Amino acid sequence: MSLVDTIAAIATAIVPQQGSVGIVRLSGSQAEAIAKTIFHAPGNQAWESHRILYGHVRNPSNYATVDESLLLLMKAPRSYTREDVVEFHCHGGIMAVQQVLNLCLEQGARLAQPGEFSLRAFLNGRIDLTQAESIQDLVGAKSPQAAQTAIASLQGKLAQSLKLLRTKCVEILAEIEARVDFEDDLPPLDRDWVISEIQQVATSAQHILATADRGELLRSGLKVAIVGRPNVGKSSLLNAWSRSDRAIVTDLPGTTRDVVDSQLVVGGIPIQVLDTAGIRATEDVVEKIGVARSQQAAQTADLVLLVIDAQTGWLDRDRDIYNLIQDRPVILVVNKIDLLSDRNGMLTAEFQQIQFQQIVKTAAAHQQGIEELEAAILNCVNQTNLNAANLEIAINQRQKACLLRAVQALEKVQEAIADRLPLDFWTIDLRTAIHAIGEITGEEVTESLLDQIFSRFCIGK
């Protein structure tokens with residue numbers, strides 16, 4: 001990968017016969033020259049930085065018009081990559097943007113690799129590594145809370161906190177190494193000061209580290225499986241919850257033959273809800289496959305909603321299903337509660353002997369109990385210390401691994417001090433902590449690490 005090349009790529013999602021605008025992006029020293037070769041701007045429009053031009057993209061070999069478009073020129077260093085950047089804003093769809101991209105490549109540009117625009121922004125000092133990763137998080141955000149957390153990192157809030165920790169570690173290291181090199185010329189090292197400073201850094205790092213699991217919840221969301229016997233109202237519950245007819249609802253048991261999913265957001269947390277086929281013994285080949293998939297979905301879910309029919313109460317078959325999922329957090333949903341004359345009497349049944357996370361009463365056909373169900377789910381999330389509300393910054397799993405190494409290294413420094421080992425031993429682990437934090441922000445980085453991070457980006461980003 002060379003920064004000398006001028007790269008090009010389609011920067012917007014392209015869907016056949018859909019989309020009003022498609023963008024082709026160029027970055028590099030030849031971006032403007034290539035654009036002038038294929039773009040005709042009528043009149044006296046000036047090719048000035050950060051000014052939009054109107055015109056036509058033409059094939060320079062025969063002057064055939066490829067598309068009517070707008071052109072935006074952003075001269076270095078006032079661009080995303082800190083290189084000359086040109087964007088062609090074309091008509092949407094496939095053909096127009098693909099033909100414009102092909103013309104750029106024919107004029108000397110190279111097709112960008114995944115994430116190469118963001119990589120150049122990082123290598124040219126436009127953004128740090130945490131900001132680069134937050135771009136990917138923002139693109140893939142599944143909820144407003146996830147988007148806000150990504151934007152906070154994009155604005156540098158995570159990097160600022162980490163750089164303060166790294167700077168503090170460097171200052172401590174400088175004080176220690178000064179005593180190693182100039183012991184006779186300096187006053188003795190204040191051991192209590194070193195202990196206090198390292199403890200402060202370690203505590204701050206632990207606070208950031210604690211955001212990892214909650215951040216992962218925001219990014220990946222919660223997988224919730226709805227399970228139960230046939231005809232207890234699982235599909236009705238999904239439809240009432242998602243406020244759509246995602247699942248077929250009939251009075252016939254075994255209607256749902258496969259796993260049906262719906263994407264929801266509850267309390268800022270993305271939730272993938274899986275409506276599964278009723279679990280029962282059956283000779284129907286297709287239904288058997290659906291039952292097997294239901295069991296698999298329940299086993300891989302973060303949370304299971306076990307639905308029972310309030311009219312029939314808790315049956316042996318319900319207990320059999322519970323035995324299949326008891327290693328998962330389970331909320332018992334007592335559905336069709338509207339069909340009971342005594343809505344509280346049935347709650348004395350034997351199922352109360354089982355320690356469910358929560359018990360919720362619903363009448364899915366009438367959209368009753370949905371708010372209580374959502375509150376129960378959020379309560380389960382809170383019990384597992386995964387509350388993602390008001391989360392300003394959140395590190396990802398790569399950043400978590402690096403920061404964990406830093407915390408462990410700081411603990412070793414404290415052990416070395418407690419064991420009264422020579423100062424040289426203190427510096428070894430302190431350097432490890434500095435390097436680990438630097439890997440998060442990009443101050444300490446390898447080519448393989450950059451390949452690993454940016455290869456997950458889309459080509460035009």
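## Structural report on a predicted model

Q367 is found in the loop between strand 13 and helix 12 (370–383). Helices (H or I, at least four residues) and strands (E, at least two) are DSSP runs, numbered from the N terminus. The model is predicted: local features need pLDDT of at least 70 and side-chain atom pairs count only at pLDDT 80 or more, whereas totals for chains, interfaces and linings use all residues. Residues are numbered from 1 along each chain as its sequence is written, and side-chain values use heavy atoms, with hydrogens and water left out.

### Backbone exceptions in loops

Most residues other than glycine have a negative phi, and most peptide bonds are trans. Q367 has a positive phi although it is not a glycine. R420, placed in the loop between helix 13 and helix 14, also has a positive phi and is likewise a residue other than glycine. The table sets out both residues, where exposed means over 50% relative accessible area, buried under 20%, and partly exposed in between (1.4 Å probe, protein chains only).

| Residue | Phi | Relative accessible area and class |
|---|---|---|
| Q367 | about 55° | 49%, partly exposed |
| R420 | near 55° | 64%, exposed |

A cis peptide bond runs from A76 to P77, with omega near 5°. P77 belongs to the loop between strand 5 and strand 6.

### Overall composition

The protein holds 15 helices and 13 strands. Of its 461 residues, 47% are buried. Its accessible surface comes to about 22,300 Å², by the Shrake-Rupley method with a 1.4 Å probe, and for residues only the protein chains shown count as cover. Carbon and sulfur atoms account for 49% of that surface. A contact means heavy atoms within 4.5 Å; among contacts between residues at least 6 apart in sequence, 68% join residues at least 24 apart.

An open sheet is formed by 7 strands in the order 3-4-5-6-2-1-7, with mixed pairing. Two strands are taken to pair if DSSP finds at least two bridges between them.

Strand 4 (residues 51–58) and strand 5 run antiparallel and are joined by 8 bridges. V57 has D67 in strand 5 as its bridge partner. In the hairpin of these two strands, 6 residues lie between the strands, and Y63 takes a positive phi near 60°.

Strand 5 (residues 65–74) also runs antiparallel to strand 6 (residues 85–91), with 5 bridges between them. Here M74 stands opposite V85, and L70 is opposite H89. Strand 5 is mostly covered, with 7 of its 10 residues buried.

Helix 3 (residues 116–123) lies across strand 1 (7–10), strand 2 (21–27) and strand 7, and runs at about 135° to strand 1. Such angles run from 0 to 180 degrees between N-to-C directions, with axes fitted to C-alpha atoms, for helices over the stretch in contact.

### Helix 15 and its cover

In helix 15 (residues 447–454), the residues L449, L450, I453 and F454 are buried. Viewed down the axis of helix 15, these buried residues fall within an arc of 115°, so they line one face of the helix. The arc is that of the directions from the helix axis to the C-beta atoms. E447 and S448, on the other side of helix 15, are exposed. The cover over the buried residues includes helix 3, helix 4 (129–139), helix 13 (397–418) and helix 14 (423–441).

### Aromatic pairs

Rings of Phe, Tyr and Trp (its six-membered ring) pair if their centres lie within 6.5 Å; planes under 30 degrees apart count as stacked, over 60 as edge-to-face and the rest as tilted. This rule gives 5 aromatic pairs. The rings of W314 and F356 have centres 6.1 Å apart and planes at 70°, so this pair is edge-to-face. It links distant parts of the chain, 42 residues apart: W314 sits in the loop between strand 11 (303–309) and helix 11 (316–325), and F356 in the loop between strand 12 (330–335) and strand 13 (358–361). W314 is buried at 6% relative accessibility, and F356 is buried at 11%.

The rings of Y322 and F356 have centres 5.4 Å apart and planes at 75°, so this pair is edge-to-face too. Because Y322 lies in helix 11 and F356 in the loop between strand 12 and strand 13, the pair ties together parts that are 34 residues apart in sequence. Y322 and F356 are both buried. Elsewhere, ring pairs link F39, W47 and F88 into a cluster.
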